[in-house]
Amino acid sequence: MLVLGIESSCDETGLALYDSKRGLLAHALHSQIAMHRAYGGVVPELASRDHIRHALPLLKKVLQQAEVSRTEIDVIAFTQGPGLAGALLVGASIANGLGLALSKPVIGIHHLEGHLLSPLLAKKPPTFPFVALLVSGGHTQLMQVTDIGLYQMLGETLDDAVGEAFDKTAKLLGLDYPGGPEVSRLAKLGTPGIVELPRPMLNSGNLDFSFSGLKTAVLTYLNRSGSNTSDQEKANVARGFVDAAVEVLTTKTVSALKLTGMKRLIVAGGVSANYQLREALCAAASKCRFDVYYPDLALCTDNGAMIAFAGALRLQRNPTGANTSYAFTIRPRWDLSAINDFSGTPG
Ligand code: KG4
Ligand code: ZN
């Protein structure tokens, strides 16, 4: 089964072709980062227009890379939500338009399910069940994953997502958008322990998170130190922020593994590319004896490969799961644990 994947939920247009026998044949991405940088964050209307500009050229590119013709596509998978409404509509209408033109079925995919399953695309994939730590610009969640489509929420952020906190902290430090990689780079130059920031909800007794106060603590610190904060001080602040965020994420993740008795962890979403988080989870994994899996670095942030792959896995489990009516909806707000739509244990 050859699946075309289309991702357009935010600021990356991603297209990919995944073949259930041969694996990932091609994937191509257009990042809108340079366009949004001038505004310090994503401008939804600009994002939608840019997806329109790039989706079809990227389709041509992946067909060429994979050396297949569009008539060989069996199914089209697209990101149905969550995300920016206008941006999702572009991907949904292109997917359904192509489906109609090619007489191929279309399947809507939950963006976070795409992230969550992306480590299974790696050479050494984990087996079910596992705990998933989903860390992106819009979400911070711990899930218990029993199988494809069987997701139970263990905890989530009550306010900002950790990626959002990275981006806001970057802005406060005068760094470029998107801030995650920039804050991480700067933190490597900082000295640990100089700027001690709070560890929000570390001892809350549950697996929920909160990151907006951490960002406010950065703001308060910078306000106190005045307008002439030195480069070294900024690096120390970045270090303080990263150490606090990573400690909370790691501690809660280890608690989730203990609570569920699981020995496998997958980490996915843009922040799963973070160097300090990987280092801390690696240390925790050897101490507490669990295995940790990530997507390839190139597939941590948004991409079409994870959408094509999730579409293929869903249809393997439920061959009638795609639709040929070409009437579509998008779901800008959509809870992943609400999509437990396979009854019993899938065969
Ligand atoms: O998964 P993603 O591409 O988009 C969403 O679904 O939100 O995640 C983007 C987020 C941004 O907040 C970005 O700053 C963050 O992931 N990010 C990082 C790193 N790379 C991307 N955060 C920390 N360290 C990184 N290396
Ligand atoms: Zn994402």
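Modeller: Two strands pair if DSSP finds at least two bridges between them. Keep that in mind as we walk through this predicted model.

Colleague: Thanks! Which strand do four bridges join to strand β1?

Modeller: Strand β1 covers residues 2-7, and its partner runs parallel to it. Within this pairing, G5 stands opposite A77. The partner joined by those four bridges is β4.

Colleague: And how many bridges join β4 to strand β5?

Modeller: Strand β5 spans residues 106-110 and runs parallel to β4. Here A77 stands opposite I107. β4, helix α3 (residues 85-102) and β5 also make a right-handed β-α-β unit. The number of bridges joining β4 to β5 is five.

Colleague: Why is strand β4 largely enclosed by the rest of the structure?

Modeller: Buried means under 20% relative accessible area. Strand β4 takes in residues 75-81, and it is largely enclosed because the buried ones among its seven residues number seven.

Colleague: Let's turn to the ligand. Which residue has a polar side-chain atom 2.9 Å from a nitrogen atom of ligand 1?

Modeller: Of the 19 residues around ligand 1, those that come nearest include G137 and N274. The side-chain contact at 2.9 Å belongs to N274.

Colleague: How much of the accessible area of ligand 1 does the protein cover?

Modeller: The shell around ligand 1 divides into five nonpolar, 12 polar and two charged residues. Helices α4, α5 and α6 each supply at least two residues of that shell. On its own, ligand 1 has 550 Å² of accessible area, and the share that the protein covers is 87%.

Methods:
Residues numbered from 1 in each chain as written. Chains lettered and ligands numbered in written order. Predicted model: local features only at pLDDT ≥ 70, side-chain atom pairs only at ≥ 80, totals over all residues. Heavy atoms only, no water. Buried < 20%, exposed > 50% of the residue type's maximum accessible area, 1.4 Å probe, protein only. Right-handed = clockwise from strand over helix to strand, strands pointing away. Near = heavy atom within 4 Å. Polar contact = N/O pair within 3.5 Å; in protein donor to acceptor, adjacent residues only side chain to side chain. Areas by Shrake-Rupley, 256 points an atom, 1.4 Å probe, with all protein chains shown as cover. Nonpolar A, V, L, I, M, F, W, Y, C, P; charged D, E, K, R; others polar.
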